[in-house]
Amino acid sequence: MLSDEVIAHTKDKFPGYSKGSLQVIPLEKGGSGRKFYRIVGADKDPLILVQYTDERQENSRYVDIASFLAKTGVKVPTIYYHEPGEGLIWMQDLGETDLWAFRNEPWQVRRPLYERTLQEVAHLHIHATSSFESSGLTLEKEFNEELYLWEQNYFFQHCLGSLFGLSAEALEQNEALAPLSKIAHRLAAEPRVLVHRDFQSQNILVLKDEAYLIDFQGMRPGLAQYDLASLLYDPYVSNLQPEEFNSLLRYYKGLCGITSEVFEEIFYLCALQRLMQALGAYGFLGLQKGKPEFLKHVAPAYRNLKSIVAKIDGLDAFGDFLETLPPPVAI
């Protein structure tokens with residue numbers, strides 16, 4: 001819970017909240033290590049207060065990135081005040097309705113929300129990218145071959161190792177994993193744009209039928225297809241139908257004027273990377289960080305991974321290996 005000092009600080013920075021007591025509501029949010037609170041005052045719009053530490057350097061970049069994205073026209077929460085020395089951010093409360101909350105609604109309800117979401121990320125990929133070089137903004141390390149290989153090793157260690165119980169020696173000797181390094185090299189050769197990095201349904205807030213991006217502190221140069229794959233192969237949403245999937249893929253390509261056949265080839269390679277990263281994260285957060293709620297997403301992510309591997313040439317041995325794995329030992 002927030003300390004009396006932080007509450008007093010809030011009243012000092014926002015005089016309209018100084019009269020009467022404030023209601024402080026802790027919010028559960030993801031695995032970033034930050035703490036979120038909704039602050040409600042009498043007859044005032046609520047605020048969101050974020051507490052962060054320097055444990056993850058990217059968290060301290062949230063405010064600068066939010067300001068940059070807002071200037072380029074991407075819809076993000078408004079930042080009201082930032083105390084970097086205290087690790088405190090006061091910002092606009094956009095509510096708790098995210099894209100994920102609509103997952104069971106009919107397609108005619110979900111489709112316009114997904115399309116508005118894709119409009120925002122296309123704006124990020126095109127317009128924010130064009131403004132980045134002159135912005136002076138500092139971001140996390142770009143997606144390069146080293147980072148793609150790190151994602152793969154994250155999957156080997158925390159998914160195949162921790163969740164499925166495979167030893168490091170067995171993984172080192174498994175020839176089915178060898179072709180993955182070539183994929184890292186291939187993706188690293190593609191031209192980069194700015195990407196959200198964690199573009200999934202719970203990081204899109206919906207307010208008055210508009211889509212707002214949140215949790216973009218990991219933004220960096222990478223491939224647009226990585227963001228697109230993160231949304232369309234989101235393990236949190238397991239009921240996206242093939243015709244819906246294809247409709248959204250076409251919609252994004254139309255937004256960006258994409259006609260190249262190579263786009264979809266790279267898309268599936270990015271989907272492979274993203275799901276390996278996600279499965280590694282679920283193992284790490286669920287087992288190492290004591291957040292077992294993430295383990296329930298392993299099964300849909302694993303199904304998605306196997307379906308993608310079947311679409312990529314040269315990964316037959318890897319696909320066979322995934323099919324022969326026993327159920328996860330740690331779930």
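1. Strand 1 (residues 23-27) and strand 2 (35-40) run antiparallel and are joined by five bridges; strands pair if DSSP finds at least two bridges between them. Pro-26 has Tyr-37 in strand 2 as its bridge partner. The model is predicted: local features need pLDDT of at least 70, side-chain atom pairs count only at pLDDT 80 or more, and totals for chains, interfaces and linings use all residues. Residues are numbered from 1 along each chain as its sequence is written, and side-chain values use heavy atoms, with hydrogens and water left out.

2. Strand 2 also pairs with strand 3, in the antiparallel sense, over five bridges. Here Ile-39 has Leu-47 of strand 3 as its bridge partner. Strands (E, at least two residues) and helices (H or I, at least four) are DSSP runs, numbered from the N terminus.

3. In helix 1 (residues 4-13), Val-6, His-9 and Thr-10 are buried (under 20% relative accessible area, 1.4 Å probe, protein chains only; exposed is over 50%, partly exposed in between). They lie on the same side of the helix because they cover an arc of only 100 degrees around its axis, taken from the directions from the axis to the C-beta atoms. Asp-4, Glu-5 and Asp-12 are exposed on the other side. The cover over the buried residues includes strands 2, 3, 4 and 5.

Note on methods
Contact means heavy atoms within 4.5 Å.
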